[in-house]
Amino acid sequence: MVRVSNNLVGLLNIVTLLLSIPILGAGIWLGHRAHTDCEKFLERPVIALGVFLLLVSLAGLVGACCSVSWLLWLYLLVMFLLIVLLFCFTVFAFVVTNPGAGEVVSGRGYKEYRLGDYSHWLQKRVEDDGNWRKIRSCLREGKVCQRLGERNQTLDEFINNHLSPIQSGCCKPPTACNFTYRSETVWDKPPGFTPSNISDCNTWQNDPSILCYDCQSCKAGVLANVKNDWKKVAVVNIIFLIFLIVVYSVGCCAFRNNRQGNAHPRWKGGFA
């Protein structure tokens, strides 16, 4: 009898094995050309993911197609742990990103963001000096504010424009500062400006390398962006989780087939 579950597990792992090769290659390529902190940050996770998929798919492929029970058992253990971790991360992502939303500003087409509206766990991530130094470097290298400043809009055009959370928080001062508009990323403080009780007004500078990158609103804008991305990732995780559970179930059937095959081997010869 053809063991369909073993063949199906083998086929799925061939696909995974083929997928791991370009991922691993991308990580190695990124490592050779990485010049910025953002690129270096992606290098190791991509390589680790490629190696992980390669090893797991090899274990599943050999274990299912060659009836190596201990390899298939190891494969199922890793799959089970992956299902548990993915489930926990998905729940965590929904819980952590639940609070926080942009505030509508009267007479403006964009929203503004407050750091205190987001979960304490996320706040601690961006308030850490080491983390924020890397994030700030990525924001500058991404040239988000530079591209915004190249629009050359009038004040009326700008205030009716839709801005991303990062553009709103990092590339301009908060509306409450009442600074004078010169361009999208150049705002003049009023004559005789004295320190404000709004810390971001004091932090703002027209220097393109500074702007509002150290503002609370910029950190809030980053968290708003993270929240949107994590919500999308969580939805994808749910779909992937269902797929993993199906693969795990099929793998359990293949493992049972291996156990039965080892317990009742098929003899090549027979008795007269």
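Is Cys215 counted as buried or exposed at its relative accessibility? Cys215 counts as buried, because its relative accessibility is 0%, where buried denotes under 20% relative accessible area, exposed over 50%, and partly exposed the range in between (1.4 Å probe, protein chains only).

The structure is a predicted model, in which local features need pLDDT of at least 70 and side-chain atom pairs count only at pLDDT 80 or more, while totals for chains, interfaces and linings use all residues. Residues are numbered from 1 along each chain as its sequence is written, and side-chain values use heavy atoms, with hydrogens and water left out.

Disulfides were assigned to pairs of cysteine sulfur atoms within 2.5 Å. Under this criterion the count is four. Secondary-structure elements are DSSP runs numbered from the N terminus, with helices (H or I) of at least four residues and strands (E) of at least two.

One of the disulfides is formed by Cys145 and Cys171, whose sulfur atoms are 1.9 Å apart. The angle about this S-S bond is -85°, and the link of Cys145 and Cys171 is left-handed. The pair connects distant parts of the chain, 26 residues apart: Cys145 belongs to helix H6 (residues 144–149), whereas Cys171 lies in the loop between helix H8 (165–170) and strand S3 (180–183). Cys145 is buried, with a relative accessible area of 3%, and Cys171 is likewise buried, at 0%.

A disulfide also joins Cys170 to Cys218, with an S to S distance of 1.9 Å. The link of Cys170 and Cys218 is right-handed, with 90° about the S-S bond. Distant parts of the chain are again linked, since Cys170 is in helix H8 and Cys218 is in helix H10 (residues 216–263), 48 residues apart. Cys170 and Cys218 are both buried.

The link of Cys212 and Cys215 is left-handed, with -85° about the S-S bond. Cys212 is buried, with a relative accessible area of 0%.

Further cysteines were examined for accessibility and sulfur separation. Cys88 is partly exposed, with a relative accessible area of 43%. Cys253 is also partly exposed, at 30%. The closest cysteine sulfur to that of Cys253 is in Cys252, at 7.0 Å, and is therefore too far for a bond.

Two polar residues were then considered. For these, a polar contact is a pair of N or O atoms within 3.5 Å; within protein, one atom must be able to donate a hydrogen and the other to accept it, and residues adjacent in sequence count only if both atoms are side-chain atoms. Contact in general means heavy atoms within 4.5 Å.

Ser57 is located in helix H2 (residues 37–65) and counts as buried at 0% relative accessibility. The Ser57 side chain reaches the backbone oxygen of Leu54 at 2.9 Å. With neighbours within four places in sequence left aside, Ser57 is in contact with Asn13, Thr16 and Leu17.

Gln123 is placed in helix H4 (residues 120–127) and counts as buried at 11% relative accessibility. A polar atom of the Gln123 side chain lies 2.6 Å from the backbone oxygen of Tyr118. When residues up to four places away in sequence are not counted, Gln123 touches Leu115, Gly116, Tyr118 and Leu223.
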